[in-house]
Amino acid sequence: MALDRRSLLRGGLVAGGGAALGLFSPAAQAAPALIRSRPRLTNGVQSGDVTAHEALVWARSDRPARMLVEVSRRPDFRHSRHVRGPVLTPSSDLTGKTFLHGLPAGEELHYRVRLADLDSHATSAPTTGRLRTAPRHRRDVSFVWSGDLAGQGWGINPDLGGFRIFKAMNAVDPDFFICSGDLVYADNPLAETVQLPDGRTWRNLVIPEKTKVAETLAEYRGQFRYNLLDANFQAFNARTPIINQWDDHEVVNNWYPGEILDLPQYTEKRVDVLAARARQAMFEYTPISTAKKGRVYRRISYGPLLDVFVLDMRTYKDANNANNSVRGQILGAEQLAWFKRELRRSKATWKVIAADLPLGLIVPDGTAFEGIAQGDNGAPLGREREIADLLSYAKKHRVRNMVWLTADVHYTAAHYYDPAKAAFQDFDPFWEFVTGPLNAGAFGPNNLESTFGPQLKFRQTPPRANTSPAEGYQFFGEVDINGRSGHLTARLRDIDGKVLYAQELTPAR
C-alpha cells in the first residue's frame with residue numbers, strides 16, 4: 001500500500017465519521033442524469049499548516065456540496081485513501097477545510113479534491129495538489145517567504161502575466177511558503193487602468209468587490225477571492241503548503257484595536273467591527289488552523305531542524321502614538337507568555353520567527369509610529385520594551401539560533417542585530433531578513449534605529465515611492481537548512497528568482 005492503512009485510520013485520516021461512501025465510484029460520476037448537477041471547484045486548492053503527520057486542505061465550491069479528498073504517495077492516486085470532509089455552505093461563502101491526520105512523516109504526498117452534490121451525489125471534476133510533510137529525522141528543509149499582495153492599486157495585470165513572482169517561487173520548489181501578512185489589500189480599490197511614469201498603461205483585472213474599500217463581510221471575502229483568480233497563484237498554492245499570518249491591509253492601513261477611523265471612504269468607522277469581518281474572511285479563505293479559537297499566533301514544527309513561530313502583531317497592539325512611554329505592547333501579555341514558553345520548549349535547531357512587522361525599522365504613521373521602533377531614544381521604550389523582555393529572556397534561558405523574517409516595508413534587506421552596538425545589550429546577536437512585496441507598490445528605504453543595534457548588511461529599494469510591479473522591484477526570500485551540517489542559508493531574490501544577497505549561518509550548539 002502507498003500509505004499504511006492502520007496508521008492512517010488510527011490517526012483519524014478519514015475525517016467526518018467514515019469513508020467516502022462510494023462517491024468516487026464511476027457510476028456516481030458518469031450517470032448522464034447527474035452531470036447537470038455536478039458542482040465545481042472555483043478557486044483551486046490550497047494546503048497549509050503542514051507538520052509531520054497533519055495538514056489542512058482548502059477548497060471552495062460554486063454551490064453547497066460535500067468536500068472529498070484523496071491522498072496518496074503516488075501522483076496516479078493508486079492505493080489512495082479517501083477523506084470525507086465538511087459540507088461547504090453559504091455560511092462560509094462555500095469555502096471549507098479538511099483536516100488530515102495520521103500522515104506519514106517526511107513524505108511527498110499528492111491530494112485530490114472533489115465536490116459531491118448533496119442531492120445527486122454526482123462529483124465535480126477533480127483538482128490536484130501536492131504537499132510535503134515535515135521530516136522525523138534530520139533532512140534538508142527549504143521554504144520561501146514574502147508578503148504584500150495586490151496593493152497600492154497594482155492588481156492582477158493580464159498583460160504582464162498576472163502575479164508572475166509566483167512562477168519564480170514555484171521554480172525554487174520549496175517545502176512551504178510563509179506569507180508574512182498583507183495577504184490582501186482590503187483598503188486599496190483598483191482602477192481598470194493606471195498610467196505609468198514611462199507612458200505605459202497598467203491594466204488591472206477588476207471585480208466589483210475591488211472597486212471600493214472593504215467594509216462588509218462579503219466585501220472582505222471578495223478581497224481573497226480576487227487574488228485567487230490569478231493562475232500563477234493558484235498553481236503555486238496547489239504545489240506549496242502555506243503558513244499564513246496577517247498584518248494591517250487585511251483590515252485597513254496601520255490599524256490597531258479600538259481605533260475609530262477618520263476617513264471619508266468608510267461608512268463603518270469602528271475598526272474592531274471591520275477587523276472581526278476581515279478575520280472571518282481570512283480564516284474562511286486560507287488553510288489556517290482554527291483549533292486555537294481563531295488565534296493567528298502559533299508554532300509550526302517542521303522536523304528536528306526547524307520550528308516556525310508565527311506572531312500576531314495586530315490583534316493585541318496598543319494605539320499608534322509616539323511610542324516613547326514606559327509602557328507599550330505589540331504582542332500583549334498572553335501572546336508574549338506563550339512565545340517565551342514555546343521558545344524554551346523548542347528542541348529544534350533553528351527558531352524562525354515569522355513577524356509581520358520589522359524590529360528595528362522606523363515605520364511612521366503620520367506623526368505617530370506604526371511599528372516597534374520609535375527612534376533613537378536610548379533605552380527601550382513603548383513597544384520596544386516587550387521585545388527587550390523577550391530577547392533578554394531568550395538569552396537567560398539559552399534559546400539559541402533565532403532568525404527573524406518579515407515583510408511590511410516593500411523592499412528587501414538584511415539586518416544583523418549586534419548587542420555590542422546597541423543601546424539595550426542584554427541579548428544574543430541575531431539576524432533579521434526583510435523582503436516583499438509580492439505584487440504591490442515598492443517603497444523605501446526606512447531608517448534603522450539603534451535600540452537593538454541593527455547593522456545594515458544589504459538592501460535593495462526602488463527609485464521612487466509606489467514603484468509598480470512592472471519595473472521589477474518585487475522580492476521574496478528563501479531559506480535552506482542543510483540536513484547534515486545544520487547550516488541555514490538565507491537568500492533574498494527578485495521577481496525573476498535572481499539571488500541578490502545570501503548569508504549562511506552556523507548554528508550555535
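Reader: What kind of model is it?

Author: It is a predicted model.

Reader: Let us begin with the sheet of four strands. What is its order?

Author: The order is β4-β3-β6-β7, in an open sheet with antiparallel pairing.

Reader: Which strands stand at the edges there?

Author: Those are β4, residues 81-88, and β7, residues 127-132. Each has a single partner strand, so one side of each is left without a neighbour in the sheet. Between neighbouring strands of this sheet the turn is 25° on average, direction ignored.

Reader: How many bridges link β3 and β4?

Author: Six bridges, in the antiparallel sense, with β3 covering residues 65-72. As an example of a bridge, Val-71 has Arg-81 of β4 as its partner.

Reader: Which helix packs on this sheet?

Author: Helix α6, residues 231-239, packs on the sheet and touches β6 (108-117) as well as β7. The direction of α6 makes about 55° with that of β7.

Reader: What does UniProt list for residues 44-133?

Author: An unreviewed UniProt entry lists "domain: Phospholipase D N-terminal" for that span. In the model, residues 44-133 are 0% helix and 52% strand. The end C-alpha atoms of this span are 20 Å apart.

Reader: And what does the record place at residues 149-492?

Author: The unreviewed UniProt entry places "domain: PhoD-like phosphatase metallophosphatase" there. Residues 149-492 are 20% helix and 19% strand, and the end C-alpha atoms lie 18 Å apart.

Reader: Now the sheet of seven strands. Is the pairing parallel, antiparallel or mixed?

Author: The pairing is mixed, and the sheet is open, with the order β13-β14-β15-β18-β20-β19-β21. Its edges are β13 (298-301) and β21 (454-460); each has a single partner strand, so one side of each is left without a neighbour in the sheet. From one strand to the next, the twist averages 20°.

Reader: In what sense do β14 and β15 pair?

Author: Strand β14, residues 306-310, pairs with β15, residues 350-354, in the parallel sense over five bridges.

Reader: Where does helix α8 lie?

Author: Helix α8, residues 333-345, lies across β13, β14, β15 and β18 (402-406). It runs at about 180° to β14.

Reader: Changing topic: how many cavities of 30 Å³ or more are found?

Author: A search of the whole structure finds two.

Reader: Which residues lie nearest the centre of the largest cavity?

Author: They are Leu-183, Phe-224, Phe-233, Asn-244 and Thr-286, out of 15 lining residues. The elements that give two or more residues to this lining are β9 (176-179), α5 (217-227) and β12 (242-244).

Reader: How does that lining divide into nonpolar, polar and charged residues?

Author: For the largest cavity, 11 residues are nonpolar, four are polar and none is charged.

Reader: Which residues line the second largest cavity?

Author: The lining consists of Asn-157, Leu-160, Gly-162, Arg-164, Trp-202, Asn-439, Pro-469, Ala-470 and Ile-495. In this second lining, five residues are nonpolar, three are polar and one is charged.

Conventions:
Residues are numbered from 1 along each chain as its sequence is written. This is a predicted model: local features need pLDDT of at least 70, side-chain atom pairs count only at pLDDT 80 or more; totals for chains, interfaces and linings use all residues. Side-chain values use heavy atoms; hydrogens and water are left out. Two strands pair if DSSP finds at least two bridges between them. Axes are lines fitted to C-alpha atoms, for helices over the stretch in contact, and angles run from 0 to 180 degrees between N-to-C directions. Contact means heavy atoms within 4.5 Å. UniProt positions are given in the numbering used here, feature names are shortened, and annotations may be inferred rather than shown by experiment. On a 1 Å grid over the protein atoms alone, a cavity is a set of points where a 1.4 Å probe fits but cannot get out, and a pocket is an open set with protein on both sides within 12 Å along at least five of seven lines; lining residues have an atom within 4 Å of a point. Grid points are joined across faces, edges and corners, and a volume is the space filled by probe spheres set on the points. Ala, Val, Leu, Ile, Met, Phe, Trp, Tyr, Cys and Pro count as nonpolar, Asp, Glu, Lys and Arg as charged, and the others, Gly among them, as polar.
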